[in-house]
Amino acid sequence: MSQETLQTLTWLIPAGPLLVFFLIVLFTRNNRTLSWVLAWAGVIGALVLSWTIAFHMFGTYLNDDITHPHELLEHPVQIASSIDWLPIGDYANNTWLQMGVSVDPLTAVMLFMVSLAVVMIFIYSVGYHNYGKPPGTVKGTPNHGKEEPMFSRFFALMSLFAGAMLLLVVSDNLLMLFIGWEIMGFCSYSLIGFWYARDYHLKPGDIPHIPPRQAAVKAFMTTRVADVVMLLGIVYFYRTFGTLNFSQALSAGSLEHAAMEIGVGMLGVMALLIFTGTVGKSAQWPLHVWLPDAMEGPTPVSATIHAAAMVSAGVYLIVRIFPLISVAIEGSGAGWVIAGIGAFTALMAATIAVAQNDVKGVLAYSTISQLGFMVAAIGIGAYIAAAFHLITHAFFKALLFLASGSVIHGMEHGAEHVHDHHTDPQDMRYMGGLRHKMPITFWTFLIGGMSLSGLPLVTAGFWSKDEIFADAWYVWNHDGNVLGIIVFVMLALAAFLTAFYTTRQISMTFLGKPRTPLAEHAHESNGFMTFPLVILSIFAVVAGWVGIPDNFLGTEGTFVNMYHHFVGATIEEPIAELYELHLVGHEIGTLPWSWVPLITSVVVALGGILVGYLVYGRKPLTKDQQDPLIRPLGPLHGFLQNKWYWDELYQAVLIRPVVYFSEVVVFEVMDKGIIDGIIHLVARVIYAIGQGAKATEEAVFGRAVDWVKDQFLSMTREVRQLQTGKVQEYVLVSGLIAAALAFMIIFLINYGWSEQILNWFQ
Amino acid sequence: MIPLSWYLLVAALLFSIGLYGVMVRRNAVAILMSVELMLNAVNINLIAFWRYGSVLSPAADTPTTGWAWAIFVLTVAAAEAAVGLALIISVYRRRDSVIAEELDLLKN
């Protein structure tokens, strides 16, 4: 394939789903079948194109020496194409903002994963929204068991979402990445709030829920806060490097120049500013609060947002700008901040997940926790491990979400059967025994859950988590960095809890006997929903085997960590050059083998599964039995179940003052009082001036006019006296005048003035 | 012959008396009579000038203008008197009065 064909194909990858969005919105809004067929066409087209590009890259790798791919090391960016988009004010230098695509190994694996996950989710959505069943009638709330009335809208927004994620993945500069980022932010708002008319009437003892439209606003606002800071970081980035293009700005020479110009400390600030975007988008503490409430959206939305796309975008960003972060870690405390936030989030979310009763809630906190793993990995400089865990996590988390949606569907079907619409079908306390009712869902959920827990050797999650542990241990052991051991211990604890709560979830949902009639009457979901589960579960197992460490178990030459060499080639050269310049701590190389991380990850995984089984699985919960953790943990359980009260804290400390400020200070005092007051004052002044003018006019002009009138009247009154109506007086007057005239003329003629008179008459 | 100026004087005197009468008399009929006086004074003037025009020029060729004009004036005076009396009768019928002072509808 020629370079140009590949470039065109790369540009077309996000174009398909974006175009489908417009087509559905404009043309097929009322036709459900056409909408999902178009949506499928869009994402399957994107899948075909993505896999073509990805496999082209894989081919380049595999044709080379797979332990040392020279071609990729020298030219990681295999496909690049960009166009000038917006001219910026610097006309002298003719700089333009660019739109461009570039494909390097990291992009290739992301394309592979994202397109596959999205296609699976789209296939699943057709079944999830009950296509083919009797049509639902109420728009804006879920119509259980009936076809979703807003079917087309769903697929339009999901296509936009997929298009935005693909746009973000193939982009070659921060600006286009940010554009995709923001489009996804909007889509998350619309899709979380998909059932906009849904309201909850909660009874005590129910799982607390906020209505979807509030959850949508919460998600958007929280990520928006992060995006503003991130934009600052991007602007600073542009200011420092003069370009937003990744390969140009993050090359060794460019970073060295920047380090000399603004200092490594400021580079750390820049890295942290951009990292804030990840904190928001990938739901790290303190901006994690939106993710559990985002469960209000339909399950395919949760799968997309929390597995395949949005949260992955956050981690993808910091993986992309890793050279900058690497320099920042070495030269400033940025690494402590990033890894600290990541590790803390991982542990905190894991503890909360232990006490959640909503099946999707457990998965939400699990996502936050796993993202914490990835962020912590970046914080200690483990580039490959973070990227690896991102990919494997996407697979098994998407699988878990889709499977949980299948479970919820089964429970809702049971609810329809027994006409019980008050029991929450998502509450795990009301499930049980679904293993026999929904076997495919059970086995795929089990595979996904074990992958999440990190069951050794056979699941993908094990390999990626193990690599993070290995990196953390290396940083502590080899470099003597305390951060390493802190991260190691916290993540180990989080992994233990992960395995524990996952086993708890599986036991409560599937094992034992059904605890309510809903669970009794549940049945397996249709083919649209189970097919993606099976496909994803295959990947949840297999995806890890490309990342077996080179020197696994101390061997040499038996295994090749293809993932490491492939993805590492993206930045191996720049990092090596930076290492020479002493700007980064260590290179992207194979870590020396150590048994400690392996044993740790095996122990925590198996230990967590075992403890979970002992508490929840061996004697599965019966109908009215309380959660066995409540008594031993005591008040701690309440603390965990209420999510460490972060929402309440934010409400009291942040939201209420702001609302008070806006409602009272700005609205009442400033807006109504001051601004309206000024306007009223102006109005009153002008009115008074008007009054004054009116009075003046009346006084002055009125009087003047009146005087004229009076004069005139008196004149006429006097003149009127001439008209008596008596003819004789008229005769008298005219006679007198005639006599006077005649006398005058005779008199004048006598005195010889006739000449002058005649002249005058001429 | 007696001088022309005597005739003119008489005419002027008559005219003045007539004018005086128009201005002073209360009764409308009397005013009309005074107007007749004025007109006849004018007639005297006209005839006098006609007669004495022939003295100044040869007697055989005096134009007829003088006495023809006087006949016109006489006729017109008569017609006017008739009309005036008719008006006075009509006014009397409406207002029961012929005193000129009281006919002041055009006042103001």
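Colleague: How many residues does each chain put into the contact between A and B?

Modeller: This is a predicted model. In it, the contact takes 10 residues from chain A and 10 residues from chain B.

Colleague: Which helix gives the largest share on the chain A side?

Modeller: Helix H29 of chain A, residues 727-750.

Colleague: Switching to chain B. What is in it?

Modeller: Three helices and zero strands. Read from the N terminus, the elements go α-α-α.

Colleague: What are its spans along the principal axes?

Modeller: The C-alpha trace of chain B covers about 55 × 25 × 25 Å. The radius of gyration of chain B is 18 Å. A compact globule of 108 residues would have one near 13 Å.

Colleague: How many of its residues count as buried?

Modeller: In chain B, 11% of the 108 residues count as buried.

Colleague: What about its contacts along the sequence?

Modeller: Take the contacts in chain B with a separation of 6 or more. Residues 24 or more positions apart account for 55% of them.

Colleague: Now chain A. How many helices and strands?

Modeller: Chain A has 30 helices and two strands.

Colleague: What box do its C-alpha atoms fill?

Modeller: Roughly 160 × 70 × 50 Å, along the principal axes. Chain A has a radius of gyration of 40 Å, while a compact globule of 762 residues would come out near 27 Å.

Colleague: And what share of chain A is buried?

Modeller: Buried residues are 51% of the 762 in chain A. As for contacts between residues at least 6 apart in sequence, 78% join residues at least 24 apart.

Colleague: Let's zoom in on H14 of chain A. At what angle does it pack with H20?

Modeller: About 20°. H14(A) is residues 334-354, H20(A) is residues 482-510, and their axes are 9 Å apart.

Colleague: How do they divide by class?

Modeller: The contact of H14(A) with H20(A) has 18 nonpolar residues, three polar and no charged.

Colleague: How does H14 sit with H15?

Modeller: H15(A) is residues 359-379. Its axis and that of H14(A) come within 7 Å and cross at roughly 160°. That makes H14(A) roughly antiparallel to H15(A).

Colleague: Which hand is that crossing, left or right?

Modeller: H14(A) and H15(A) cross in a left-handed way.

Colleague: Who meets whom there?

Modeller: Among the H14(A) residues are A:Ile338, A:Gly342, A:Thr345 and A:Ala349. Among those of H15(A) are A:Val362, A:Tyr365, A:Ser369, A:Gly372 and A:Phe373. By class, the contact of H14(A) with H15(A) has 16 nonpolar, seven polar and no charged residues.

Key
Residues numbered from 1 in each chain as written. Chains lettered and ligands numbered in written order. Predicted model: local features only at pLDDT ≥ 70, side-chain atom pairs only at ≥ 80, totals over all residues. Axes fitted to C-alpha atoms, helices over the stretch in contact; angles between N-to-C directions. Helix = DSSP H or I, 4+ residues; strand = E, 2+ residues; numbered from the N terminus. Nonpolar A, V, L, I, M, F, W, Y, C, P; charged D, E, K, R; others polar. Rg over C-alpha atoms; globule rule 2.2 N^0.38 Å. Buried ≥ 20, exposed ≤ 12 C-beta atoms within 10 Å, placed from the backbone. Contact = placed C-beta atoms within 7 Å. Parallel < 35°, antiparallel > 145°, perpendicular 65-115°, else oblique. Left-handed = near helix turned anticlockwise from the far one by under 90°.
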